Number of protein chains: 2
Amino acid sequence: MTSNSSATRGTVFLVGAGPGAPDLLTVRAARLLGEADIVFYDALVPEEILSLIKTSKKTAVGKRSGRFSTAQNFINKQLLDAARKYATVVRLKGGDPMLFGRAHEEISYLVGKGISVKVVPGVTAALAASAELGVSMTKRGQARSVAFVTPRVGEGMAESSWIRAALAADTVAIYMGADEIGDIAAALIVAGKAMATPVAVVESASLPGAGVAYGTLARLPKVEKRDGPALILVGDVYGEAAAQAMEAERCRQASA
Amino acid sequence: MTSNSSATRGTVFLVGAGPGAPDLLTVRAARLLGEADIVFYDALVPEEILSLIKTSKKTAVGKRSGRFSTAQNFINKQLLDAARKYATVVRLKGGDPMLFGRAHEEISYLVGKGISVKVVPGVTAALAASAELGVSMTKRGQARSVAFVTPRVGEGMAESSWIRAALAADTVAIYMGADEIGDIAAALIVAGKAMATPVAVVESASLPGAGVAYGTLARLPKVEKRDGPALILVGDVYGEAAAQAMEAERCRQASA
């Protein structure tokens, strides 16, 4: 380090917190939460995981407001300041940092300032949801491609790359879409996806209050609005489970 | 349990081993390796992870041969027999079980036999590779859809769903394709993907011998054939890193 840089330079670890269950953290992530000098965490990371943080220097940097970019600049600046003061800075993100985690902005800003950044991957929501369902996203002879999309980032719904990818792939995981599931299903049907395509919604995957609901694009499962995040899964691999669940529902209604 | 079922019934845990580094196991996976009465593991799981298994009853159930279905039937039968004898049966799979892990066959067989199956999700290879690169798969304004595909399962290369998904998505992760990277790139170019599309190859992500190489579809990065698995990543998000790496390579050659 040259003499004009008298500041201590720490490492910023972008750490995936996984889907929510504390024991679905990676061993490395759990260790870093204990070792960190300072932690900045997403609003959605559950309390049970935050309790693994040993340092008292922990700050929520939620981005739930509509003013994304302002908030991002502020987070970037906080991370930089921390890296100039502390050896081990942890930036804890729900799921995995590199998939819809907006890691790009933070990495590019910090690396541009000469800060060392390391990424610790995590279990992403779609895989925790698949574990909850017990249904594989891929299946020999039926599903050999999976699209991970979000309808929330950037431009409008129509003619978007997320729709093209969702139409082309055998199985689709839709992140951050549960609040607009009706619009999403309509957009997919208009774009040419069959109305009978099976749909599963998994809420709070891996957490005690987890919920699973099945339907089709035309007959959407009900989203219960639990506290945790919800994921929409679309594809023929959910057909068998969806048919069973809808049949059970019909029988309940018939016998009521 | 009815009286005609006198056998003990255990639970089969399908456990994701993650990308290879032992501390990228989830906390739950690491605990289950210590607690299991018997473990069946994929050929690709590294020795360091296998050393966390406490029981002496551990069996490799590699499927590297061409005779997939025969091998799968035999694995199914072994898991069933184990579940009738032991309380905690672990089936350890590289990465995550629900993404190209062929979990479907095992779950469907075991559930059909009345065995309880639980899935423990893991860190999938594409996310470990992204961590290795330090490049996010998604990027605001540039990449909002990601396809995970494999060209190896089932039918031939042409007109396959993996190509459609790879063309439609902004970022593509290609599993189990490194041995045929030339054919894959040719198929993508013929299908309409730009020849200048950036490509990254990550070998043995998360392991000490990890390797990263950049190029484009027309000028493929060299695959070094390390021991561990390799992942091919395709998309504009790799453009900046690929340009830097190729420029550095040109300078090395010019000064040599």
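A polar contact here is a pair of N or O atoms within 3.5 Å; within protein, one must be able to donate a hydrogen and the other to accept it, and residues adjacent in sequence count only if both atoms are side-chain atoms. By that rule, 24 residue pairs are in polar contact across the interface of chain B and chain A, both residues at pLDDT 80 or more.

Before we go further, some housekeeping: this is a predicted model, in which local features need pLDDT of at least 70 and side-chain atom pairs count only at pLDDT 80 or more, while totals for chains, interfaces and linings use all residues. Residues are numbered from 1 along each chain as its sequence is written, chains are lettered from A and ligands numbered from 1 in the order in which they are written, and side-chain values use heavy atoms, with hydrogens and water left out.

**Stop 1: the interface**

Now show M98(B), R140(B) and R144(B), which supply 19% of the area that chain B buries against chain A, more than any other three residues.

**Stop 2: a charged pair across the chains**

Next, pick R28(B) and D23(A), whose side chains meet in a salt bridge at 2.8 Å, N to O. The term means a side-chain nitrogen of Lys or Arg within 4 Å of a carboxyl oxygen of Asp or Glu. Between chain B and chain A there are six salt bridges.

**Stop 3: strand to strand**

Turn to β6 of chain A, residues 145–149. Helices (H or I, at least four residues) and strands (E, at least two) are DSSP runs, numbered from the N terminus, and two strands pair if DSSP finds at least two bridges between them. Five bridges join this strand to β6(B), and the two run antiparallel. Select V149(A) to find it opposite S145(B).

**Stop 4: inside chain A**

Finish with R250(A) and E247(A), a salt bridge whose closest N and O atoms are 3.1 Å apart. Both residues lie in helix α8 (residues 239–255) of chain A, three residues apart, about one turn of the helix. Over all chains, the whole structure holds 22 salt bridges.

Methods: Buried area is the accessible area (1.4 Å probe) that two parts lose on being put together, summed over both.
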